[in-house]
Amino acid sequence: MRMQFTFAFRDVIVLTILKQATKSTAKNVSTFDTSPHVLRPQQRRSRAALARIVKAAEQLLRKSTIADFSMAAVAEAAGMPVGNIYRRFRGKDELLQAIKEDAIARIENAVTERLSRERFRDVPSLIRGIVGAVSEAYSRDQGLHRFLFNRSIGDPVLTEIASSGRRRIFEYYRDALLPLLPQNSAERTEMLVRVSFHIIAAAMAGKACADDWTLKDLSWNALGAEISTAAIAYLEASVDLKTSGSH
């Protein structure tokens, strides 16, 4: 008989994890007000100008190629002299880096908000909750994410921004999942966490940058449901195999 894949929820442990995740998010996630890629505006008018620049740049990114994206194009779209753009950003690379950092922050915040709002009592609900939060964050602005996660853009800073965000999200995922898994060896448990996370993250990355034709036409809701099923099935099968091997 197949095991029911449910485990006791450990309130004290998970609540501690969520508090740590909230502190970590506050520490690590940058916005345009704190980003190292933005030259600091000092006045309210400067902040308003920064908001106009970012809005114009994001609009361009949704419909342009990297070859079409320039500081002059952003200035024209924002309706201001190009010199005003350079007062906020040293160049096009820094502008893209700040926008990607903000996009990663929104995805990361969606995960920590879901973890802090809901008490997941078993692995399937946790997987569906995290996948749902990330899918929803991506689906809010598919055009912008398609550009920002385009693997053909070879800026190492952009790559590191994405990698750092993914590592932080993995830590939130790991800390939330571990208390819900049965007691295996530390090495085996770590394997379960990493592979299940990869199932989720790889599919979402392929969908976000639109370079995987097998996922391109799927809606985010449909993809989220399918990869949740895949990750849960992997964990269930792994636990069942471990259990059956002990008898």
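Helices here are DSSP runs of H or I with at least four residues, numbered from the N terminus. The model is predicted, so local features need pLDDT of at least 70 and side-chain atom pairs count only at pLDDT 80 or more, while totals for chains, interfaces and linings use all residues. Residues are numbered from 1 along each chain as its sequence is written, and side-chain values use heavy atoms, with hydrogens and water left out.

**The largest pocket**

A pocket is an open set of points on a 1 Å grid over the protein atoms alone, where a 1.4 Å probe fits, with protein on both sides within 12 Å along at least five of seven lines. The largest one holds about 570 Å³ of space. That volume is the space filled by probe spheres set on the points. Lining residues have an atom within 4 Å of a point. There are 25 of them, and Tyr138, Phe149, Ala162, Arg166 and Ala205 are the closest to the pocket centre.

Which helices each supply at least two residues of this lining? They are α5 (92–117), α6, α8 and α9. Helix α8 gives the most, with 8 residues. By class, the lining has 18 nonpolar, 4 polar and 3 charged residues. Nonpolar covers Ala, Val, Leu, Ile, Met, Phe, Trp, Tyr, Cys and Pro; charged covers Asp, Glu, Lys and Arg; the others, Gly among them, are polar.

**Aromatic pairs**

The whole structure has 5 aromatic pairs. Rings of Phe, Tyr and Trp (its six-membered ring) pair if their centres lie within 6.5 Å, and planes over 60 degrees apart count as edge-to-face.

Tyr138 lies in α6 (residues 123–139), and Phe149 in the loop between α7 (142–148) and α8 (156–177), so their pair ties together parts that are 11 residues apart in sequence. Tyr138 is buried at 9% relative accessible area, where buried means under 20% with a 1.4 Å probe, protein chains only. Phe149 is also buried, at 14%.

Phe170 sits in α8 and Phe197 in α9 (residues 186–208), so this pair ties together parts that are 27 residues apart in sequence. Both residues, Phe170 and Phe197, are buried.

**Cluster and charges**

Ring pairs link Tyr138, Phe149 and Trp220 into a cluster.

Notes. Phe/Tyr/Trp six-rings, centres within 6.5 Å; stacked < 30°, edge-to-face > 60°. Buried < 20%, exposed > 50% of the residue type's maximum accessible area, 1.4 Å probe, protein only.
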